[in-house]
Amino acid sequence: MKKILMLGAALIALSGCVSEPPAPPPADANDKCGAAEAQRFVGRPRSEIPVPVRPEKQRVLCTTCMATMDFREDRLNFFYDADTGVVKRVTCG
């Protein structure tokens, strides 16, 4: 019985050590395309990138493929490795 009480006391003490989840990063006023939110796709297969509702606002490119260099701050760019198909970076432009 004494062991059970000590175990219960230890569990109660440890429960105070549980930390809250980290706060989301502050919204960046320069992030007009939503790249901060889309960072969750980095390291994941390009097949997991959602189909865009507005295709003119998103493009998916391999890191070694040719692409136009026009900058559109409201366009979301996903860059993936051509060999592995894994998303390497997500940017606006």
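Me: In the hairpin of β2 and β3, which residue takes a positive phi?
Reply: Strands are DSSP runs of E with at least two residues, helices are runs of H or I with at least four residues, and both are numbered from the N terminus. In this predicted model, the residue with a positive phi in the hairpin of β2 and β3 is G85, with a value near 75°. The hairpin has 6 residues between the strands.

Me: On what basis are such values given?
Reply: The model is predicted, so local features need pLDDT of at least 70 and side-chain atom pairs count only at pLDDT 80 or more, while totals for chains, interfaces and linings use all residues. Residues are numbered from 1 along each chain as its sequence is written, and side-chain values use heavy atoms, with hydrogens and water left out.

Me: In which sense do β2 and β3 pair, parallel or antiparallel?
Reply: Two strands pair if DSSP finds at least two bridges between them. Strand β2 (residues 76-80) pairs with β3 in the antiparallel sense, over 5 bridges. Within this pairing, F79 stands opposite R89 in β3.

Me: What is the order of the strands in the sheet?
Reply: The sheet is open and consists of 3 strands in the order β1-β2-β3, with mixed pairing. β1 and β3 stand at the edges with a single partner strand each, so one side of each has no neighbour in the sheet. On average, neighbouring strands are turned by 20° against each other, direction ignored; such angles are taken between lines fitted to C-alpha atoms.

Me: How many disulfides are there, and which cysteines form them?
Reply: A disulfide is a covalent bond between the sulfur atoms of two cysteines. With the rule that the two sulfur atoms lie within 2.5 Å, the count comes to 2 disulfides. One joins C33 to C92, S to S 1.9 Å; C33 lies in the loop between α1 (2-15) and α2 (35-38), C92 lies in strand β3 (residues 87-92), and the two are 59 residues apart. The other is formed by C62 and C65, with sulfur atoms 1.7 Å apart. Counting bonded cysteines along the chain, the pattern is 1-4, 2-3.

Me: Which disulfide is left-handed and which is right-handed?
Reply: The torsion about the S-S bond is about -85° for C33 and C92, so that disulfide is left-handed. For C62 and C65 the torsion is about 105°, so their disulfide is right-handed.

Me: Is R75 buried or exposed, and what does R75 touch?
Reply: Buried means under 20% relative accessible area, exposed means over 50%, and partly exposed lies in between (1.4 Å probe, protein chains only). R75, in the loop between β1 (58-62) and β2, is buried at 6% relative accessibility. Its side chain reaches the backbone oxygen of D70 at 2.8 Å. Contact means heavy atoms within 4.5 Å; residues touched by R75 include C33, C92, E56 and T91. Of these, C33 is buried at 14%, whereas C92 is partly exposed at 22%.

Me: How many salt bridges does the structure hold?
Reply: A salt bridge is a side-chain nitrogen of Lys or Arg within 4 Å of a carboxyl oxygen of Asp or Glu. The structure holds 6 salt bridges. Among them, K57 and D74 meet at 2.2 Å, N to O. K57 is in the loop between α2 and β1, D74 is in the loop between β1 and β2, and they are 17 residues apart. Salt bridges with shared partners join K57, R72 and D74 into one network.

Terms used:
Polar contact = N/O pair within 3.5 Å; in protein donor to acceptor, adjacent residues only side chain to side chain. Axes fitted to C-alpha atoms, helices over the stretch in contact; angles between N-to-C directions. Lists of a residue's contacts leave out its neighbours within four places in sequence.
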